[in-house]
Amino acid sequence: MDLFDQVMKWVVICWLIVPFVDGFYLPGSFPHNYNVGDQLAVKVNSLTSIDTEIPYRYYSLPFCKPLEGVKDSAENLGELLMGDRIESSPYRFQMYTNATETFLCKTDPLSADQFKMLKERIDEMYQVNMNLDNLPAIRYMKKDNFILRWTGYPVGIKLQDTYYLFNHLKFKILVHKYEQTKVAGVIGTGDGAELITTNDKGGEGHHGYMVVGFEVIPCSFQHDFKLAFELSMYNKYPAPIKCDPNTVSMPIKEGQPVAFSYEVEFEESDIKWPSRWDAYLKMEGAKVHWFSILNSLMVITFLAGIVLVIFLRTIRRDLARYEELDKEAQAQMNEELSGWKLVVGDVFRAPDNAEFLCVMVADGFRILGMAVATIFFAALGFMSPASRGALVTGMLMFYMFLGIIAGYVAVWLSRTISCDTCGWFSVSWRVACFFPGVAFLILTSLNSILWGSHSTGAIPFTTFLVLLLLWFCISVPLTLLGGLLGTKATRLEYPVRTNQIPREIPAQRFPSWALVLGAGTLPFGTLFIELFFIMSSIWLGRVYYVFGFLLVVVILLVVVCAEVSLVLTYMNLCVEDWRWWWKSFFASGSVALYIFLYSINYLIFDLKSLSGPISATLYLGYSLFMVIAIMLATGAIGFLTSFLFVHRLFSSVKID
């Protein structure tokens, strides 16, 4: 009754509190109420290009700066690793107050370096990225009766060997009435916490406005420098400015200044605040995306079902045939029989480099756990596109704290396979350093390239120190703790003894490793459709949001990897090849090979505009990092499944 009383007590408390709480929002995703006339501040992000994939700071180009100086916004670890650099801008609006011909600034005459840099950024199709109330600026284009949506706007355009700069911006801000007057339990992080909030001037029942859309139209306008000479920032330009996105009139020339201006228009919209991200999520190809995912799921589920049915029927037939034999028949037929039962004395013989295999399996198990946990919470909305950097930050946190499981699995597995040769500390230490060391080596090499290019994609030195501290102060101790706990776990006893002399493996008709490498095609079939959209999200700047489908695909991938590895292991044992350990790992892990080949195909056919050896090196380097992680995760699935299957198979048969 005590427990029941406590539960009822908390139920009554929650019931009493609910009427006074109107909303609770996830970090970085709560609405802001602005009264008419309140100030709105636009922030700028890094300049990006799908041609180079090398981001640069906004103020690396001669743009106007705020009067109070450029201020950096608070950035999380994920934003820094993704190359985001949020900074203040001189663009200022007043809520629900339209403004036209607003003069911003006139730059000094362009130097030779500035003129050259502007031409390079225009040639490389760099985009200017802006944020208002945590919403990226979106640009609409009409092409062939289709409306295209793009985030950001181009720096400029080149026409007939002349470079034109988009120096006048027309902003359109969609707002929705805010009727909520009592909001409790609100949490704010990131950009949202820095935006200007207001008091409820109108008291109970006052209606403010929320920002639900942020559109931009870039224009190239030739200002009269004589008129702009004595103007200050935010003064009204003394002549009308016509913003026509289809015409350009502001050529950039060395030794001449550039003037900037903007206008803003507010429009009340029926879009509600929870739906304001729909415009960004409904990018082109959404219908094809959903249809392809469903088609892939149906086909792969059907194939996996066929493999599973055939596999179970074969195993049951073999077990029934062997178990129905009496002892005399077994003794008489043992010399004539061929198949997996003949390798009973060698099937559990420790493989070459057993400790390294345990390390790879444990690290793969940790990567798989990190991926599933991250995708699960992303599907629940905890890592939405509104929370920049949350996805990468979550992945790092999950990877670190899952170190305790990785250490446990590695030590338990090493003591099961070769108990007398592996110490728990050395195994745990290798697990803690293997994949992070590989990642550190790859990222450091790529980071040196980005540093040399002065890109915001380069990880700052202080962030490198933070990553090292997280690695050696959290990840390593947790992995060692997991290894220590693994020493107390009960090792898995083998059901049969291992012969002292290895059995000779008969000559094979087909190379077994060819089958192992070919086995990755079936798991790749579960991924390649989803992989296209993930690659487009990473390299083409599109928003990826269907994490629920991705979670289903990952679960399906785990099932298919397990089945493929089981089938290949069984086939190896049937031809009396007892060296199944590494082959079971690479049978499912070989999917990484096809993903890498697909990445090269994507580079050649989908990233045709990617220019320069530096951009290609960065792309291939990050792709290599990705496929190593996938190989470890899928390989761990195949090995652990095959290991438990082999143990169960030989435990079910009576062996003399």
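Predicted model: local features only at pLDDT ≥ 70, side-chain atom pairs only at ≥ 80, totals over all residues.
Which strand does Thr102 lie in? I looked it up: Thr102 is part of strand β3, residues 99-106. (Strands are DSSP runs of E with at least two residues, helices are runs of H or I with at least four, and both are numbered from the N terminus.)

Residues are numbered from 1 along each chain as its sequence is written, and side-chain values use heavy atoms, leaving out hydrogens and water.

**Thr102**

Thr102 has a relative accessible area of 9%, so it is buried (buried is under 20%, exposed over 50%, partly exposed in between, with a 1.4 Å probe and protein chains only). Leaving aside residues up to four places away in sequence, I found Thr102 touching Tyr234, Asn235, Ser261 and Tyr262 (contact means heavy atoms within 4.5 Å).

**Helix α9 and a partner**

I then turned to α9, residues 354-379, and α19, residues 613-651. Their axes are 7 Å apart, at an angle of about 105° (axes are lines fitted to C-alpha atoms, for helices over the stretch in contact, with angles from 0 to 180 degrees between N-to-C directions). I therefore put α9 and α19 down as roughly perpendicular (65 to 115 degrees; under 35 is roughly parallel, over 145 roughly antiparallel, the rest oblique). On the α9 side, the contact includes Leu357, Met360 and Gly364; on the α19 side, Ala629, Met631 and Leu632 are among them. I sorted the residues of this contact into 14 nonpolar, one polar and no charged (Ala, Val, Leu, Ile, Met, Phe, Trp, Tyr, Cys and Pro count as nonpolar, Asp, Glu, Lys and Arg as charged, the others, Gly among them, as polar).

**Rings**

How many aromatic pairs are there? I get 45 aromatic pairs (rings of Phe, Tyr and Trp, using its six-membered ring, pair with centres within 6.5 Å; planes under 30 degrees apart are stacked, over 60 edge-to-face, the rest tilted). I picked out Tyr96 and Tyr209: their ring centres are 4.8 Å apart and the planes sit at 55°, so this pair is tilted. Tyr96 is in the loop between β2 (87-94) and β3, Tyr209 is in strand β13 (residues 208-219), and 113 residues separate them. Tyr96 is partly exposed at 30% relative accessibility, whereas Tyr209 is buried at 11%.

Last entry: I found ring pairs joining Phe524, Phe528, Phe532, Phe533, Tyr594, Tyr598 and Tyr602 into a cluster.
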